[in-house]
Amino acid sequence: MGSPSKHVVFDVVGTCVSYDVFFESIRKTIGSQLLDQGIKPDLFAFAWLESCEREFAYLSISERYVTFVEVLRSLFYRILGMAGIERPREFVAEEQRDAIVATYSKLGAREGVKETFQLLRDAGFTVWCLSTASPERVQGYFSAIGLDMPAENITSCDTKGIAKPALAVYESVFKTFGKDDVKWFAAAHMWDVSAAHKVGFRGAYCTVYEKESCAEIFGGEMEITTDTLPELARKIIAAS
């Protein structure tokens, strides 16, 4: 009997690719307008993204699934209003909003992601992706940096019509692997990796985005926690 297969499933947006391009687009497109109103562009960007994550998840829970990009576009003026802008649609033109939203499909790779995937593949792991992004958008992120990610290794919430962190999303991937296989889930979002861990994945958390794990509300620390993706890969290999 051969050795069990080894798998690492990665979150994509926020983990393998960063939000830097999106944040920079906000700074360049409406940054001066926001600053004139006492609103920090990066804080606005964070509020917009976080609100979208919530609404995206709530829509899915209520069985009214909408793609993340659609949610992103729709909530823009609401978040401007919440930030104190009295007439959001007069403050920023739709063309400006759409230009910013378009950059969400052009996010760049996290530092070290190519090395991370290569380390794991060289050690006999199969690398997979589980993302809220469409398969086409995920492949676009990776092809832009010359990183091969087969379409069959990508699972999208858009395809399933249900959003993370619903446990059924992780379970559907977990069950495709053999009972004795080595199965890791890696993410830079603690809510994401802790949900995967709950269905049976071994958890690998990278602090590169959130900085603080807030592990006390997520059931404790994951088996592996590191500050960089390559370090995460090395520890996964050593622990397997």
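Start by selecting T103, placed in the loop between α5 (94–102) and α6. Helices here are DSSP runs of H or I with at least four residues, strands are runs of E with at least two, and both are numbered from the N terminus. T103 is buried, at 13% relative accessible area; buried means under 20%, exposed over 50%, and partly exposed in between, with a 1.4 Å probe and protein chains only. Show the contacts of T103 next, where contact means heavy atoms within 4.5 Å. Apart from neighbours within four places in sequence, T103 touches V21, F22 and S25.

The model is predicted, so local features need pLDDT of at least 70 and side-chain atom pairs count only at pLDDT 80 or more, while totals for chains, interfaces and linings use all residues. Residues are numbered from 1 along each chain as its sequence is written, and side-chain values use heavy atoms, with hydrogens and water left out.

**Helix α6**

Move on to α6 and select V113, T116, F117 and L120, which are buried. These residues lie on the same side of α6 because they cover an arc of only 90° around the axis; the arc is that of the directions from the helix axis to the C-beta atoms. Just after α6, G124 has a positive phi of about 90°.

**Aromatic residues**

Colour Phe, Tyr and Trp. Rings of these residues (for Trp, the six-membered ring) pair if their centres lie within 6.5 Å; planes under 30 degrees apart count as stacked, over 60 as edge-to-face and the rest as tilted. The whole structure has 18 aromatic pairs. One of them joins F117 and F142, a tilted pair with 5.7 Å centre to centre and 55° between the planes. This pair links distant parts of the chain, with F117 in helix α6 (residues 113–122) and F142 in helix α7 (residues 135–143), 25 residues apart. F117 and F142 are both buried. Then select F22, F23, F44, W48, F56, Y65, F68, F76, Y77 and Y104, which form one aromatic cluster.

**The largest pocket**

Select E50, E53, H189, W191 and E210. Of the 18 residues that line the largest pocket, these lie nearest its centre. The elements giving two or more residues to this lining are α2 (41–61) and α10 (190–198). α2 gives the most, with six residues. The space in the largest pocket is about 340 Å³. On a 1 Å grid over the protein atoms alone, a pocket is an open set of points with protein on both sides within 12 Å along at least five of seven lines, whereas a cavity is a set where a 1.4 Å probe fits but cannot get out; lining residues have an atom within 4 Å of a point. Grid points are joined across faces, edges and corners, and a volume is the space filled by probe spheres set on the points.

Colouring the pocket lining by class gives 10 nonpolar, two polar and six charged residues. Nonpolar covers Ala, Val, Leu, Ile, Met, Phe, Trp, Tyr, Cys and Pro; charged covers Asp, Glu, Lys and Arg; the others, Gly among them, are polar.

**The cavity**

The structure holds one cavity of 30 Å³ or more. The largest cavity has about 80 Å³ of space. To find its lining, select D11, V13, Y19, E53, F68, Y104, T132, R137, H189 and W191. By class, the lining of this cavity has five nonpolar, two polar and three charged residues.

**Loops and backbone**

Go to S134, in the loop between β2 and α7. S134 counts as buried, at 17% relative accessibility. Leaving out neighbours within four places in sequence, S134 is in contact with S156 and D158. For a distance across the model, pick the C-alpha atoms of S134 and A186: they are 19 Å apart, and the two residues are 52 apart along the chain.

Next, the peptide bond from K164 to P165 is cis, with omega near 10°. P165 lies in the loop between α8 (157–160) and α9 (167–174).

The last stops have positive phi outside glycine. E63 has phi near 60° and sits in the loop between α2 and α3 (68–82). E63 is exposed, with 76% relative accessible area. K211 has a positive phi of about 70° and is found in the loop between β5 (202–206) and β6 (224–226). K211 counts as exposed, at 58% relative accessibility.
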